[in-house]
Amino acid sequence: MPASRLDTLPISHWGLDLRRPLVIAGPCSAESEEQLLTVARALKSDGRAQVMRAGVWKPRTRPGQFEGAGEQALSWLQDAKRETGLLLATEVATPEHVEAALKAGIDILWIGARTTPNPFSVQAIADALRGNDVPVLVKNPINPDLHLWIGALERLASAGVTRLAAVHRGFSWFERTPYRNSPMWEFPIRLKAAHPDLELLCDPSHIAGNADRIGGVAQQALDLGFSGLMVEVHPDPASARSDADQQLAPATFSELLDELIFRQPAPTAGMNDRLEELRDLIDQLDEEIAQKLGARMDIAERIGDHKRAHNVAILQPERWDRIMRRQLRLAAHLGLGETFVREMMDAIHRESIRRQSLEGVDGVPVGNPSASSKGA
Ligand code: PEP
Ligand code: MN
């Protein structure tokens, strides 16, 4: 990836008196003045969110769904700010949105996951922002492509936007995962490694897609040193006109914040700190690799049980061929060497087979005796 520089100001220098961790909360969509006031009052009385978010123009995957209340919602937002003092954030996807949002005094703009991957749209927004110092958050593109994410940030930076941060909201992925959008933490980690001064926020709502999973994702982001969170909060999630499954009622949101452990940011500056920071990122990735391998072996064991129950051979060469071909295709995309990937996959395969056999190759019974995950 060509190296680039992003001259960005830290969130604490955005002139908005923002605290770290920055907490942004509010409904997916602005639906009515009443709805916004209700959320704003609840957020104000909780006191931990400094910014209220609400989508005024909603990019929907399919037509015919609620596409946002449009410009009228900007005056509802202004009323909520007047009453509560909360700062405002909304999504912009066109120069017209930028113009209307700036005119309405919206404090922070964000570019959504369906806009970031389109260089024409991002450039048009960047051009509309030239000469403004409004902060802009750039959500990752919906597809796992780091270059598109960085490209969007670069377009804004080239237009003179210095109050920039990135928002990790997960990636659409073809395989079923427990999440609506796979977190693929390696992407924000790689972004941070390439641009250590760029601050990252996490949107656990769009990653989780489901209220129950938001806490776990949010905690992971905080553990990885993210600078803050953007969480969807709705006065009555069940009746929300968009993203109903993932919005939290204000009381649940407060409970979530009570439970999260907010950590001190790692110090930055100087060569050694930079090295430490990069080592930290490596350690986090290694931990994820180990966790994923552990999960893979657990599943392999369950497949082993199943094969035994149905009297099927443990080793199935055609299946392994398919896995290897697929991994090599992925590896080519990711710039990983073929020999390395073959050797790594062969080692994983050997361990899977060992775990699928009743007894390990060393004669040691396999499986983790204390694991409650078996049979779960
Ligand atoms: C949103 O924040 O409501 C939204 C549409 O998010 P994303 O662009 O991440 O899908
Ligand atoms: Mn949403």
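Which residue forms a salt bridge with Asp-79? Select Asp-79 and Arg-82: the closest N and O atoms of this salt bridge are 2.7 Å apart. Bear in mind throughout that the model is predicted.

**Stop 1: helix 2**

Keep that pair selected and display helix 2, residues 72-84, which holds both Asp-79 and Arg-82. The two residues are three apart, about one turn of the helix. Colour them by accessibility next. Asp-79 has a relative accessible area of 25% and is partly exposed, whereas Arg-82, at 62%, is exposed. This is one of 17 salt bridges in the structure.

**Stop 2: Arg-130 and Asp-127**

Now select Arg-130 and Asp-127. Their side chains meet in a salt bridge, at 3.1 Å from N to O. Arg-130 counts as partly exposed, with 47% relative accessibility. Asp-127 is also partly exposed, and its relative accessible area is 38%.

**Stop 3: Asp-203 and Lys-139**

Move to Asp-203 and Lys-139, where a salt bridge brings the closest N and O atoms to 2.8 Å. Asp-203 sits in the loop between strand 7 (199-202) and helix 7 (204-208), while Lys-139 belongs to strand 5 (residues 136-139), so the pair ties together parts that are 64 residues apart in sequence. Are these two residues buried or exposed? Both Asp-203 and Lys-139 are buried.

**Stop 4: ligand 1**

- Arg-53: an N or O atom in the side chain is 2.7 Å from an oxygen atom of ligand 1.
- Ala-113: here the backbone takes part, with an N or O atom 2.8 Å from an oxygen atom of the ligand.
- Glu-232: a polar side-chain atom lies 3.1 Å from an oxygen atom of ligand 1.

Finally, show the protein surface around the ligand. How much of ligand 1 does the protein bury? Taken alone, ligand 1 exposes 300 Å², and the protein buries 97% of that.

Terms used:
Residues are numbered from 1 along each chain as its sequence is written. Chains are lettered from A and ligands numbered from 1 in the order in which they are written. This is a predicted model: local features need pLDDT of at least 70, side-chain atom pairs count only at pLDDT 80 or more; totals for chains, interfaces and linings use all residues. Side-chain values use heavy atoms; hydrogens and water are left out. A salt bridge is a side-chain nitrogen of Lys or Arg within 4 Å of a carboxyl oxygen of Asp or Glu. Helices (H or I, at least four residues) and strands (E, at least two) are DSSP runs, numbered from the N terminus. Buried means under 20% relative accessible area, exposed over 50%, partly exposed in between (1.4 Å probe, protein chains only). A polar contact is a pair of N or O atoms within 3.5 Å; within protein, one must be able to donate a hydrogen and the other to accept it, and residues adjacent in sequence count only if both atoms are side-chain atoms. Accessible areas come from the Shrake-Rupley method with a 1.4 Å probe; for residues, only the protein chains shown count as cover.
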